[in-house]
Amino acid sequence: MPPVTSARGVPRRAAAVLAGLALAVGVLPTTALTAPVAAAATVAAAAGTPVRVNQLGYLPDGPKRATVVSSATAPLAWQLRDTSGAVAASGTTTVHGADQASGQSTHLVDFGAYTGNGTGFTLVVDGRTSHPFDISAALYDGLRADSMSFFYQQRSGIAIDAALAGGTAYARPAGHLGVAPNKGDSSVPCQVGVCDYRLDVRGGWYDAGDHGKYVVNGGISAWEMVNSFERAHRSGGDAALGDATLRVPERGNGTPDVLDEARWELEFLLRMQVPAGRPMAGMAFHKMHDANWTALPTRPELDSEQRELHKPSTAATLNLAAAAAQCARVYAPYDAAFAARCLDAARRAWTAAKANPDVLAPATDNTGGGAYEDADVSDEFYWAAAELLATTGESPYRDAVTSSAHHTKPVDAFWWGGTATLGRITLATVPGVTLPADDMARLRGLLTAAADGHLSVMAGQGYAVPLPATGYVWGSNSSVTNNAMVLAVAYELTGQQRYRAGALESLDYLLGRNALDLSYVTGYGDRHSENQHHRFWAHQNEASLPHPPAGSFAGGPNAGLEDPVAREKLTGCAPAGCYVDDIGSYSTNEVAINWNASLAWLAAFAAERRSAPAVPVVQVAPAAVTVPEDASAPVDVRLSAAPGQNVTVTVARTSGDEDLSAAATLVFTPANWATAQRVAVSAAQDADALPGSATFTAGGPGVQPATFTATEADDDAPAASCTVAYRIDNAWGNGFTATVTVRNTGTSAISGWTLGWSFAGDQRIGNAWNAVVSQSGNTVTARDAGWNGTLAPGGSASFGFQATYSGTNAIPTRYTLGGALCS
């Protein structure tokens with residue numbers, strides 16, 4: 001893309017009139033468009049209307065609101081009509097008045113009480129009719145697929161298949177593989193003075209409308225794609241993103257398609273790491289693109305410019321560390337070797353960034369590609385540490401998280417240059433993150449507080465968009481989707497419907513309920529953008545080339561008017577109207593991978609089917625606790641989902657040793673159900689040497705109860721002369737590997753050893769090495785492997801295992817050697 005300011009990554013472009021060729025409809029049945037789109041025929045754009053709706057439609061169980069542009073000071077009558085013209089619902093508008101961002105006088109229509117299904121609905125207000133729209137639970141299925149297909153079609157280094165891309169117009173040879181006139185990406189030199197070697201950096205996604213590839217934008221884009229799957233996996237909706245659900249060449253390989261697509265970018269990011277033995281080893285080159293800007297249009301395979309690697313940067317290195325750490329935990333169940341590569345790269349990148357904390361990319365490096373400069377990388381350090389902590393559980397990364405100023409700051413907006421909130425989302429949502437309960441509660445509270453702020457902004461507007469009137473800058477549409485992601489995260493954390501409604505209403509804005517009565521997503525809605533700034537999807541400049549494919553996302557209104565076309569056509573525009581659907585308006589109408597990634601995330605969230613809420617389950621962590629005599633140990637109690645109303649959970653002993661006690665009455669509300677409440681389990685002092693145990697139940701009306709066990713650590717029992725070190729080496733969403741080391745601290749040799757412990761959660765060991773390990777329930781027994789059975793005084797033996805888990809993955813606190821407690 002042409003040179004732009006450092007704000008690149010927020011929004012681009014807007015238009016009041018659309019004309020020209022409509023998009024050719026994709027040939028695969030998975031592409032579902034509500035709007036009538038003509039194949040290879042010239043059509044006039046649909047006329048605008050003052051009745052502004054989501055032109056795709058609404059979910060039966062979601063909010064249904066529209067905006068009417070009218071200066072009337074009294075409410076207006078409205079009717080919802082079905083495809084036959086019959087009135088399905090009616091009412092009167094609410095007068096909102098002046099809307100600052102659009103400069104328009106507005107009324108609001110709320111027809112959310114209507115929960116029927118159908119196609120071709122219209123809203124009629126004061127004799128004016130909206131564009132037609134659907135009401136369907138399947139409304140966003142097509143957008144979910146198409147917004148992700150964008151990435152396949154942005155791939156570098158692979159031929160694009162017409163059968164996958166939606167028609168012959170989108171097929172093209174592989175770009176930048178060294179076939180003339182390409183110089184190729186498989187052996188790319190550095191800029192003069194940067195390095196004296198070449199690197200294979202093929203693959204990845206073209207970043208935007210140009211042919212550049214940028215680590216700092218690739219990192220957040222890959223993270224959003226993978227996080228979309230992580231979120232869906234937690235909610236139980238990951239099957240919709242599973243294998244053979246998307247139009248990618250890897251479909252049918254046993255790996256979820258969204259992860260196949262993200263891997264194409266992750267492999268490129270790994271290739272951008274400075275090799276071992278080279279200066280600044282472990283750092284990541286900031287970017288790779290043409291030495292000069294290419295003309296518009298230029299097909300990828302016809303780009304003849306020399307490609308260049310640009311100086312490594314700390315920001316790029318931390319993007320690599322974060323994305324690769326996330327990769328290590330999410331891909332482990334599907335490709336353990338690739339996950340291990342990712343973790344190794346993440347560790348090396350973190351170490352390199354710590355050694356080079358202030359290698360910053362200059363704003364002046366903007367010839368042939370965007371600069372992507374960033375003068376503050378403290379947020380990237382926090383994000384990378386958070387991902388590494390969530391994946392490994394290791395204390396150095398925990399220390400980096402908790403010592404960062406970002407750990408206690410309010411949640412801010414995120415974009416490629418501000419990534420701290422990505423780390424906050426990971427810490428607050430990934431199961432098993434080893435942070436104190438108070439930290440977790442605070443993080444979740446900060447995220448919901450940010451979501452409440454977005455809802456407050458939306459409530460004061462005529463178009464209900466989570467963006468203030470001052471927020472219409474470069475890439476404003478991605479600010480909308482990113483803020484909507486925070487709303488969706490708040491919904492996951494709390495179960496409160498207002499957050500889901502806010503996320504869905506953000507899509508309403510993007511799909512037509514806005515100041516321009518325009519959908520910013522190609523192929524979706526009667527009036528949609530179709531001339532985004534792009535060097536291949538450039539029909540406006542070259543009739544033989546296609547319009548952008550369905551699901552391509554325009555940057556959106558930009559009050560800065562930072563390109564010649566915008567300055568010519570939009571002078572005097574209200575902030576929310578500063579957009580023109582012209583291929584030359586790169587500051588309002590370009591596409592970009594980070595923008596489409598957040599749209600794809602949001603579309604997947606909106607498309608997820610949600611059944612009636614189940615009865616919440618009480619969750620207790622740990623599920624087994626050891627309590628020293630005459631002392632206490634804590635357990636945390638929370639619910640699995642939001643209750644419909646306040647519920648009371650009572651904790652009491654139901655069987656076992658009466659020396660163990662816990663009694664508590666806890667109240668959970670629809671707002672605080674996810675916040676753990678601490679209960680103390682106590683053990684009385686007794687005279688025997690028996691480690692008694694007891695079972696406790698936490699339950700009550702309106703919830704499914706849970707049980708947990710407590711075992712007394714009797715201080716009268718003999719202690720063995722041993723110590724045990726338990727280390728989690730690698731962890732992913734539902735599994736981990738660990739190393740256990742037992743040391744003989746006595747003065748006599750131990751011949752043949754048996755080590756025992758109990759897991760606090762549902763960890764299950766699958767295989768082990770250097771010991772014979774068995775498990776019965778939560779109790780684990782590890783016996784020496786024969787060759788390592790003798791422990792001399794001061795000697796030790798280590799063994800490892802791989803296990804699965806869900807929920808928390810607490811480290812055991814009590815070990816026995818030969819039946820006696822290790823000291």
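**View 1. Arginine 231 places its charged end over the ring of tryptophan 601, 5.7 Å from the ring centre.** A charge sits over a ring if NZ of Lys or CZ of Arg is within 6 Å of the ring centre and within 35 degrees of the ring normal. This is a predicted model, where local features need pLDDT of at least 70, side-chain atom pairs count only at pLDDT 80 or more, and totals for chains, interfaces and linings use all residues. Residues are numbered from 1 along each chain as its sequence is written, and side-chain values use heavy atoms, with hydrogens and water left out.

**View 2. Tryptophan 601 and phenylalanine 605 form a stacked aromatic pair.** Their centres lie 6.2 Å apart, with 20° between the planes. Rings of Phe, Tyr and Trp (its six-membered ring) pair if their centres lie within 6.5 Å; planes under 30 degrees apart count as stacked, over 60 as edge-to-face and the rest as tilted. Tryptophan 601 is buried at 1% relative accessibility, and phenylalanine 605 is buried at 2% (buried means under 20% relative accessible area, exposed over 50%, partly exposed in between, with a 1.4 Å probe and protein chains only).

**View 3. Arginine 263 lies over the face of phenylalanine 338.** The distance to the ring centre is 3.8 Å.
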